[in-house]
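I opened my notebook to go through one structure. Below are my entries on what I looked up.

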Amino acid sequence: MLPYTAETLFALFDEYNRAIRPLPGLAIFLTAGVLMLVIRSRQDRSRVVLGILAAGWLWTGIAFQFFFHADINFAAPAYGAVFILQGLLLAWTGVFRRRTVLHFDRSFIGWAGIRIAIISAIILPLIDWQSGVGWTDVRLALIAPGTTAGFTLGILMMSKGPIPLHIAIIPILWAFVAGAHAWALGIPQDYLLPVVGIIALGATIRSRSRPRT
């Protein structure tokens, strides 16, 4: 059992989103930009995309987990440390070392990735809103944990060549953590996240076992 309810969580996101304005609007703009950059498949833009993802994980770990989520969940600082680690891994691998190239090649994995990215960045926040919460309560990719993990997995599934396990494993694990939270809190839209994690895990294994077609 978690030490709070779904109503408490959404009230926290309302406080968080209001406190960081205008960043929610910027997060929407950046997620749309990331999708456009990846779909256009320019190798020289992979650093930009992975840099944005890294910033999203770092921001969520520091600003949300440490300064907001910690008020209602004693485990939030540990979550924050994991998010910061993921942000650093993305920055090191994709920005500084340029070891990951994103390329939407219309393969099965690529199409699955773009759908997962859209579900995480657009569909889940819309379901939040349609479920009765206000726009300021919705959980947006790059500034909220679950949607950031799902969005990252969708983008990584469009990697050219094998999906790097060391930058995929934390988002995959978080998808299952988010699913456990959803079960405990009764947030049905988040049941999609473990499904995303399973698909991403399968895609990662498949991409590393044989060439993509």
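**Entry: T31.** I began with the contacts of T31, leaving aside its neighbours within four places in sequence: T31 touches A121, A141, L142 and F151. Contact here means heavy atoms within 4.5 Å. I placed T31 in helix 2. Helices (H or I, at least four residues) and strands (E, at least two) are DSSP runs, numbered from the N terminus. Is T31 buried or exposed? T31 counts as buried, at 6% relative accessibility. My cut-offs are under 20% relative accessible area for buried, over 50% for exposed, and partly exposed in between (1.4 Å probe, protein chains only).

**Entry: ground rules.** I noted that this is a predicted model, where local features need pLDDT of at least 70, side-chain atom pairs count only at pLDDT 80 or more, and totals for chains, interfaces and linings use all residues. Residues are numbered from 1 along each chain as its sequence is written, and side-chain values use heavy atoms, with hydrogens and water left out.

**Entry: the core.** F151 turned up again. F151, I155 and M157 have the most contacts inside the largest nonpolar core, which has 61 residues. Such a core is a set of buried Ala, Val, Leu, Ile, Met, Phe, Trp, Tyr and Cys residues joined through side-chain atoms within 4.5 Å. I then listed elements that give two or more residues to this core; among them are helix 1 (6-19), helix 2 (23-39), helix 5 (108-130) and helix 6 (145-156).

**Entry: salt bridges.** How many salt bridges does a search of the whole structure find? The search finds 3. The rule is a side-chain nitrogen of Lys or Arg within 4 Å of a carboxyl oxygen of Asp or Glu.

I looked up D14 and R18, whose closest N and O atoms are 2.9 Å apart. Both lie in helix 1, 4 residues apart, about one turn of the helix. R18 is partly exposed at 43%.

Next I took R139 and D128, which meet in a salt bridge at 2.7 Å, N to O. R139 sits in the loop between helix 5 and helix 6, and D128 in helix 5, 11 residues apart. Both are buried.

R139 also meets D190, at 2.6 Å, N to O. D190 lies in the loop between helix 7 and helix 8, 51 residues from R139. D190 is buried at 7%. I wrote down 9% for R139.

**Entry: aromatic rings.** I found 10 aromatic pairs in the structure. Rings of Phe, Tyr and Trp (its six-membered ring) pair if their centres lie within 6.5 Å; planes under 30 degrees apart count as stacked, over 60 as edge-to-face and the rest as tilted.

F104 and W111 are edge-to-face, 5.0 Å centre to centre, with 85° between the planes. F104 is buried at 5%, whereas W111 is partly exposed at 37%. The pair of W183 and Y191 is tilted, because the planes are at 40°, with the centres 6.2 Å apart. W183 is exposed at 67%, and Y191 is partly exposed at 37%. I also noted one aromatic cluster, formed by F13, Y16, F64 and F68.

**Entry: the surface.** Which residues form a nonpolar patch on the surface? I118, I122, I123, L126, W129 and W135 do, with about 520 Å² of accessible area together. Patches are made of residues with over 30% relative accessible area and no salt bridge; like charges are joined within 9 Å, nonpolar side chains (Val, Leu, Ile, Met, Phe, Trp, Tyr) within 5 Å. Accessible areas come from the Shrake-Rupley method with a 1.4 Å probe; for residues, only the protein chains shown count as cover. W135 is placed in the loop between helix 5 and helix 6.
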